Amino acid sequence: MDPVSSTCDFALHARPNLFEIDLGAIAQFTRHIREYVGENVTVCAALKCNAYGFGLLRVARTVLTAGADMLSMVDPMNAIELRRAGETVPILVYPGSVAAPQSVRDAEMFDFIPTLIDLGSARLYSRCATKPLRVAVKVDIGQERLGFPAEEAAAAIGVIAALPNLEVHIVNAHPNVPSPPSLDYLDWQLDRFAALCRQLEARGLNVPIRMVASSKILSLSRKAIFNAVDPGQMFFGPFRAEGDVPWPAGRSAFAKLTSRLIHVRTLDRKEFLAQAPFPMRPGMRLGVMPIGSADGMTQLHCGEVLVRGRRAKLLGNPSLEHTRLDLSEIEEAAVGDEVVIIGKQGGDKITTEAVVAHQRHARIADLAMAIRPSIPRNYLEPELSGNQRSSPAAQ
Ligand SMILES: *Cc1c(COP(=O)(O)O)cnc(C)c1O
C-alpha cells in the first residue's frame with residue numbers, strides 16, 4: 001500500500017463535529033425582508049465574513065433564489081470566489097484594501113463594483129480603467145469610519161462622475177446606532193443622507209442606487225429605506241428588533257452545533273485533588289468530546305451541553321481540541337453518543353440566545369463567526385428544512 005496515492009475515507013476519520021445550517025430559515029428571512037421593503041427596493045445581501053460564518057457560496061445562492069438582488073462584502077477575494085462559482089448578479093465590494101492598479105484590473109475582470117472613499121483612489125481607478133467602470137461612493141453620516149462626510153459628498157461625487165471611465169452607480173452609508181438606540185440620532189444621520197440625495201439631484205447627478213440600511217436600522221425605522229437596503233445579520237436569525245417592526249420569531253439559520261463522546265470513564269483520584277484541572281468528587285463520571293478552543297469552543301458554549309436529552313456541565317476549560325463533561329448524572333451515557341452544544345436534543349434545547357448571554361457576545365451573529373473552519377458545515381436544504389436532514393454537502 002502506498003500511503004501517498006491510496007485513498008482514504010476522510011468522513012470516516014474526521015472528528016465527529018458538525019455545524020448544521022438551516023438554509024430554509026435563510027430563505028424565509030430573505031422573503032420577509034423582500035416583503036418588508038417592497039418590490040421596488042433593491043435588496044443587497046451584505047455577506048461579509050464568509051456570510052457571517054455560514055458559508056458564502058451556499059448562502060449567496062439561497063438569498064438570491066429567495067429574492068435578493070445583489071451581494072456585498074469587504075474582501076475582494078470573496079467577490080472573485082463568487083464569480084468563479086458562476087454568480088452573475090451585481091456585487092458591491094465595500095472598502096477593505098488599498099487601491100492599486102491590480103484592484104482596478106480585478107474589478108474589471110471579475111465585474112464587481114468597488115467602493116471609493118477618497119479622490120486619490122478615484123483618480124487611480126479612472127487612470128487604470130480600460131472601459132467604463134461602475135463604482136460606489138461611500139458617505140459618512142455618523143459612523144466616523146469610512147467615506148466622504150455627508151456635506152462634502154455631493155461635490156466629491158461630482159468630481160468622480162466627471163473623471164473618465166467612472167460611473168457612480170451606488171452611493172451608500174452605514175449609520176452609527178448605539179445601544180440603546182436613539183431615534184433622534186438616527187433621524188439626524190438619515191436626514192444628512194437625504195440632504196445629499198437632494199444635492200445630487202440638484203446637480204443633475206443621477207446615482208441609481210441610494211442605500212443606507214443595515215439590519216439594526218432596518219428594524220428601527222422605515223425612513224432608512226431609500227431605494228436600496230443592505231442588511232447582513234437579518235438573513236440568519238430572528239433579529240431582535242428594538243423598534244416596532246414585526247419579525248418572524250423562533251427560527252434561526254443556526255440549527256445545531258454537535259460533537260460526540262469519544263471517551264467515558266469513572267474518576268477515582270484521591271491525591272493532589274487541589275491541583276486537579278477541575279473540582280473533583282470521588283466516583284464522578286467524565287466524558288470527553290473532540291472539540292476545543294482551536295475550533296472556537298471557548299466562545300460557543302453556555303457552560304452546559306446536552307447528552308441523551310439531559311444537561312451535562314463542562315469540566316474545566318476547553319483544551320485545544322478536547323472538552324471535558326461531567327456525566328455523573330447521566331449514567332447511561334456512552335462512547336459515540338451525540339453531544340449538542342447548541343440546538344435541540346430530546347425534549348431540551350440550548351438556544352443561541354442562551355449562549356450569547358452566557359458569553360456576553362454583542363450579537364447572535366458572533367456565534368457562527370466563532371465556529372472555526374475546522375468544523376464541517378452541513379446544509380439543510382430549504383425544501384427539506386424542518387426535521388429532515390440533507391446529506392452532508394461539500395462547501
Ligand atoms: C456589515 C455591513 C452591512 C450589514 O450590516 P448588518 O448589521 O449585518 O446588517 C451593511 N453595510 C455595510 C457597509 C457593512 O459593512
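**View 1. Six aromatic pairs turn up in this structure.** Rings of Phe, Tyr and Trp (its six-membered ring) pair if their centres lie within 6.5 Å; planes under 30 degrees apart count as stacked, over 60 as edge-to-face and the rest as tilted. A quick word on the source: this is a predicted model, where local features need pLDDT of at least 70 and side-chain atom pairs count only at pLDDT 80 or more, while totals for chains, interfaces and linings use all residues. Residues are numbered from 1 along each chain as its sequence is written, and side-chain values use heavy atoms, with hydrogens and water left out.

**View 2. Tyr52 pairs with Phe236.** Their ring centres are 5.7 Å apart and the planes sit at 40 degrees, so this pair is tilted. Tyr52 belongs to helix α3 (residues 48-52) and Phe236 to the loop between β10 (228-229) and β11 (254-260), so the pair ties together parts 184 residues apart in sequence. Helices (H or I, at least four residues) and strands (E, at least two) are DSSP runs, numbered from the N terminus. Tyr52 is buried at 7% relative accessible area, and Phe236 is buried too, at 5%. Buried means under 20% relative accessible area, exposed over 50%, and partly exposed in between (1.4 Å probe, protein chains only).

**View 3. Phe54 stacks on Phe236.** Here it's 4.6 Å centre to centre, with 5 degrees between the planes. Phe54 lies in the loop between α3 and α4 (56-66) and Phe236 in the loop between β10 and β11, so this pair ties together parts 182 residues apart in sequence. Phe54 is buried, with a relative accessible area of 4%. Ring pairs join Phe19, Tyr52, Phe54, Phe236 and Phe254 into a cluster.

**View 4. Arg222 meets the ring of Tyr36.** The charged end of Arg222 sits over that ring, 4.5 Å from its centre. For a charge to sit over a ring, NZ of Lys or CZ of Arg must be within 6 Å of the ring centre and within 35 degrees of the ring normal.

**View 5. Residues around the ligand include Lys48, Tyr52, Ser215 and Gly232.** A polar side-chain atom of Lys48 is 2.6 Å from a ligand oxygen atom. In the side chain of Ser215, an N or O atom lies 2.5 Å from an oxygen atom of the ligand. Gly232 uses a backbone N or O atom instead, 2.8 Å from a ligand oxygen atom.

Conventions:
Near = heavy atom within 4 Å. Polar contact = N/O pair within 3.5 Å; in protein donor to acceptor, adjacent residues only side chain to side chain.
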